[in-house]
8 protein chains.
Amino acid sequence: MADRPLVGIVMGSKTDLETLQSAVDVLNDFGIGYELRILSAHRTPEKVLEWARTAEERGLQIIIAAAGLAAALPGVVAAQTILPVLGVPIPAAPLAGVDALLSIVQMPKGVPVGTLAIGKAGAANAALLAIGMLASSRPELRKKLKEFREKRADEVLQADASVQRKK
Amino acid sequence: MADRPLVGIVMGSKTDLETLQSAVDVLNDFGIGYELRILSAHRTPEKVLEWARTAEERGLQIIIAAAGLAAALPGVVAAQTILPVLGVPIPAAPLAGVDALLSIVQMPKGVPVGTLAIGKAGAANAALLAIGMLASSRPELRKKLKEFREKRADEVLQADASVQRKK
Amino acid sequence: MADRPLVGIVMGSKTDLETLQSAVDVLNDFGIGYELRILSAHRTPEKVLEWARTAEERGLQIIIAAAGLAAALPGVVAAQTILPVLGVPIPAAPLAGVDALLSIVQMPKGVPVGTLAIGKAGAANAALLAIGMLASSRPELRKKLKEFREKRADEVLQADASVQRKK
Amino acid sequence: MADRPLVGIVMGSKTDLETLQSAVDVLNDFGIGYELRILSAHRTPEKVLEWARTAEERGLQIIIAAAGLAAALPGVVAAQTILPVLGVPIPAAPLAGVDALLSIVQMPKGVPVGTLAIGKAGAANAALLAIGMLASSRPELRKKLKEFREKRADEVLQADASVQRKK
Amino acid sequence: MADRPLVGIVMGSKTDLETLQSAVDVLNDFGIGYELRILSAHRTPEKVLEWARTAEERGLQIIIAAAGLAAALPGVVAAQTILPVLGVPIPAAPLAGVDALLSIVQMPKGVPVGTLAIGKAGAANAALLAIGMLASSRPELRKKLKEFREKRADEVLQADASVQRKK
Amino acid sequence: MADRPLVGIVMGSKTDLETLQSAVDVLNDFGIGYELRILSAHRTPEKVLEWARTAEERGLQIIIAAAGLAAALPGVVAAQTILPVLGVPIPAAPLAGVDALLSIVQMPKGVPVGTLAIGKAGAANAALLAIGMLASSRPELRKKLKEFREKRADEVLQADASVQRKK
Amino acid sequence: MADRPLVGIVMGSKTDLETLQSAVDVLNDFGIGYELRILSAHRTPEKVLEWARTAEERGLQIIIAAAGLAAALPGVVAAQTILPVLGVPIPAAPLAGVDALLSIVQMPKGVPVGTLAIGKAGAANAALLAIGMLASSRPELRKKLKEFREKRADEVLQADASVQRKK
Amino acid sequence: MADRPLVGIVMGSKTDLETLQSAVDVLNDFGIGYELRILSAHRTPEKVLEWARTAEERGLQIIIAAAGLAAALPGVVAAQTILPVLGVPIPAAPLAGVDALLSIVQMPKGVPVGTLAIGKAGAANAALLAIGMLASSRPELRKKLKEFREKRADEVLQADASVQRKK
């Protein structure tokens, strides 16, 4: 259903897919095409560089990069492209993703990575932020985003109603 | 020199301007028009809501929101607009901005804030990430971004050369 | 048994109810009427504002606001009312509520949120603190509070007695 | 100008006065009478107990307790009275008040301390929260609180105006 | 088998007994008499004070005090007696005992609490440190302590031997 | 004025003396003899072992060991003697003594180190706790400790009086 | 299959073996001989010193030392030998190995311990780093290391391929 | 005096040189040749890769890589070479190097970075650890390392002597 990939999703390890599925689901819901890649800044660095360097010419408009522990991947990707890069810290024992959060968000001046929350909420939000960026030139995405927000609001309203009935 | 504002910059307090000047400087360097506002999620909440809600119709395409301590502003702005919101944690004693970082980055699923590093590096990077987003439909910005990257790389190369000469 | 609501309890998500039940139980035990609402600072911001802004005229005297992660709700509520606002950080993976604690307690000068412990103990204590506030003009609540304290003390004394018998 | 003390302010050490002056100033501005005491949970424990135990009969309605390091004072006071107790963590090297924050906010179920931010902002907010509590039966305080909020909002608006002019 | 109590063990809650059993076991192994009490700094403060104030005249020589969360008990006990007080932080969700550790160890100048590790290792070590103190005037305890150390060393040596055999 | 050394004070580096002077001052005030040594667990390990191993036969009754960073000294000393060992974490950039605190307090089961607060307050308290231990067989020390406590209480009372006069 | 031990592995407790098995497995895979010892800096300090002091003359070229909590072992070993020492922090409740990490990595100037990640990844990497050191004079190890890297890269490539097929 | 470079030192920014001078000084003292480079993982990634990839063939035997904030450099270098890589976290506001420490030490399985302490002590120790590695095939370095250790021990002994004289 999704057309030409606009979003690149890259993660450092197969196990990160469990977290990133939240991003994939959001993109599928919005009908946004994406590339999904497992490439490691530490184990397949050349592949990362090649993929990131050619992202713009392949037509990607935004990149979502996720990693855990000493999470270099988002920054390494951001260093190779001027496309906006969004980072998702993967939670992992023993530090629960605090290491990944600091490794991703504390980028030095000049090479930004827009960082989302640790874990699945962050992965879903990376996709939503990417869609928000794409929406600037796609009115139908703006409409869908507003509907998504309304649906989320409705869930709260229903929970609110049900908690009041129960009382 | 800058035309119609495309980026909205909002901060919670006048003292945050010292940090955000880095963002302003970058936008000026790239010739990107911006709105610069001091609006507080806790002291002038209605102003924040009105400003955020009407941001899209005023033609803004991206919002940079900065706050310190219990930094609600970026999330509150993000709740009112589908425009991409980037958050900058302001460092402040006694917790050095860790409180602001967690208050901004740990957004729940559904309302993303792309978070940058604590302080000036983060502020500059928020502007650069905003420009990266705007660049998708503005080839001249892509060119400028690449030149900016090259200049930064040159600075490193010169430092590298000078350190080798000195040895 | 409870008359006109004096305490407003608001939480950001249905799942927070598990934590806040401790507050509800305490209010029920003391016969204090309350409003119980699920309203999200990030997903239903207008509802939050409207509810908080009209809290005083509806006769509420204290508000208990609970949220997890980037917990903006207590501060956003406090920005809309001069009623005393008590905040309860909800524990949630991966940061165990430290993010929520800092997001709630580190409010800037001018808009206070009296913050309780992370989780169920904090929720129960928010209710007890609210009752302590209401008690200033309600002698029967003062009596009940003292009885509650005595009961809690008795539990300790019995545990103390049993541990000494066992030895 | 202030009449009979309604608020008790207690701190563990003379040096804490620098932080608590923010609370004193707010109470003076609102014309609220207060007791100001230096009493230490660890050095003059009996004085603390006697003062806290008799607070209610002396007509105090709220207590603000501040301490640094292993900050036992607020909890020890709260254990002796059913009056609402607000806690202010004093920042002190080497842990910047994180020790005091956790020592005050993490009270066990049954004995609440409503905790404010570390340092001066927290001290001022403790006074404002106390006034918010007193205001429930004092319409003139509600009016003053609203005026205070408006003044604070005006400061933001003026800063906002000045930053826009300068641009 | 144990004679007149020399060590007082006090904890804030019945559930702390699970942790403190390690201290009790060590004291039993060394034949040291002890008082075991559940007394809460926040729920039965007078009992704590009375018990601590009279500890010296009852013949106690050392006190072990354990508590979790905002762990005021060890410091409050230390404020009432010149007997040496050892503190054991009880681990408890959500902060794993870090709150208790800081609440116990960061005592201000003048009222020391010798703090041990969080949890069972700390509880056992509090008992061993108490025995080390008692041993200064009890040669038989010095002998037993040395035997205890040797037994612990033997366990390591056996583990070492077994791991080398296995290889 | 001090007779035969009863307390051994050992630190890892000359710069730690600034912190430990607080312990020395307290011991001098109480007329307790002490050994003062600079011995490093990492740079002069044999000297540490020899000193610790012979401490008991030299008549020492308690050891105060202080170190910063990866603070192994207190534990290494405790491993060589059954004398009670008290540990003082030295604050040092960049981690403000948190590294030293955890390196000292988190000792495994079997080898206790009674840990005091980070820095000068902890150093003074180590001396006071040592005196409390020595006092069990020295009535004159008990008297002096009580006088010390009273003097500290008087300081608080005077501060309290002065703050009330000023008001 | 492995010849004369070149690597010494030492851990403080039998339970650490579960973590260190990752190091053992790597050394076995590369055919590197090793000594495997359980020796405790706090319970068998003399054994540690003797083992470390004689390591060089026994022909060991690198030492891997692992410990949890107040993890003194790696530093104590490093103080006794000029052989390179690599440290592995063992994760253990309640602080998840943060205590061990700081106790190992924050060594003072003069006695280095090259520290790896907390837990199994760190243990495996300690072995790989040791092999990297040995490889400088062993071309066949260089070849094996490169093959190991390629195998790891292949795993990523296969995961990448499989995730693209599935999509 | 130094012959062919055996150690590569690389840092991400000119300002890091202040910290790394400690490493340079140690290498100079030991007469070890080194390459000193400023190359940024985020600003000149290709230069980093090329430099790291060719390090082995240029005759380097060990690499010391230092970086601050989201410190990707050491890991990125380690991914390109099988030479041993030692990492030095550079302290920088606002997080004092904790971000850099976690970004460097928490490397995933397969690509080790031996991490030293934050700041100058860590930089000096990286050089010493590198020399320890080189010493396995260079007896004169072993001798020098032992002399270095003795000199450091002598400094402690002299400080110890001076502190005892003064008393």
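Tutor: Copies are superposed by least squares on the C-alpha atoms of residues with pLDDT of at least 70 in both. Keep in mind that this is a predicted model.

Student: What rotation superposes chain C on chain B?

Tutor: The shift along the rotation axis is 0.0 Å. The RMSD of the superposition is 0.0 Å. The two copies are thus related as by a two-fold rotation axis. The rotation is 180°.

Student: How far is chain A shifted along the axis when a rotation superposes it on chain B?

Tutor: The rotation is 180°, and the RMSD is 0.0 Å. The same surface serves both copies, with 100% of the contact residues of chain A recurring in chain B. The shift is 0.0 Å.

Student: How far apart are the nearest C-alpha atoms of chain B and chain F?

Tutor: Contact means heavy atoms within 4.5 Å. Chain B and chain F do not touch. Their nearest C-alpha atoms are apart by 13 Å.

Student: And how far apart are the closest C-alpha atoms of chain C and chain H?

Tutor: No contact joins chain C and chain H either. Their closest C-alpha atoms lie apart by 16 Å.

Student: Are H4(F) and H4(G) roughly parallel or roughly perpendicular?

Tutor: Each helix spans residues 98-105 of its chain. Their axes are 9 Å apart, at an angle of about 110°. Angles of 65 to 115 degrees count as roughly perpendicular. So H4(F) and H4(G) are roughly perpendicular.

Student: Which residues of H4(G) make the contact?

Tutor: H4(F) brings Asp99(F), Leu102(F) and Ser103(F). By class, the contact has 2 nonpolar, 2 polar and 2 charged residues. From H4(G) come Asp99(G), Leu102(G) and Ser103(G).

Student: Which residue is the bridge partner of Ile9(D) in E3(D)?

Tutor: Strand E1 of chain D, residues 7-11, pairs with E3(D) in the parallel sense over 5 bridges. The partner of Ile9(D) is Ile64(D).

Student: Which residue in E4(D) does Ile64(D) stand opposite?

Tutor: E4(D) covers residues 85-89. E3(D) and E4(D) run parallel, joined by 5 bridges. Opposite Ile64(D) stands Leu86(D).

Key
Residues numbered from 1 in each chain as written. Chains lettered and ligands numbered in written order. Predicted model: local features only at pLDDT ≥ 70, side-chain atom pairs only at ≥ 80, totals over all residues. Heavy atoms only, no water. Axes fitted to C-alpha atoms, helices over the stretch in contact; angles between N-to-C directions. Helix = DSSP H or I, 4+ residues; strand = E, 2+ residues; numbered from the N terminus. Parallel < 35°, antiparallel > 145°, perpendicular 65-115°, else oblique. Nonpolar A, V, L, I, M, F, W, Y, C, P; charged D, E, K, R; others polar. Pairing = 2+ DSSP bridges.
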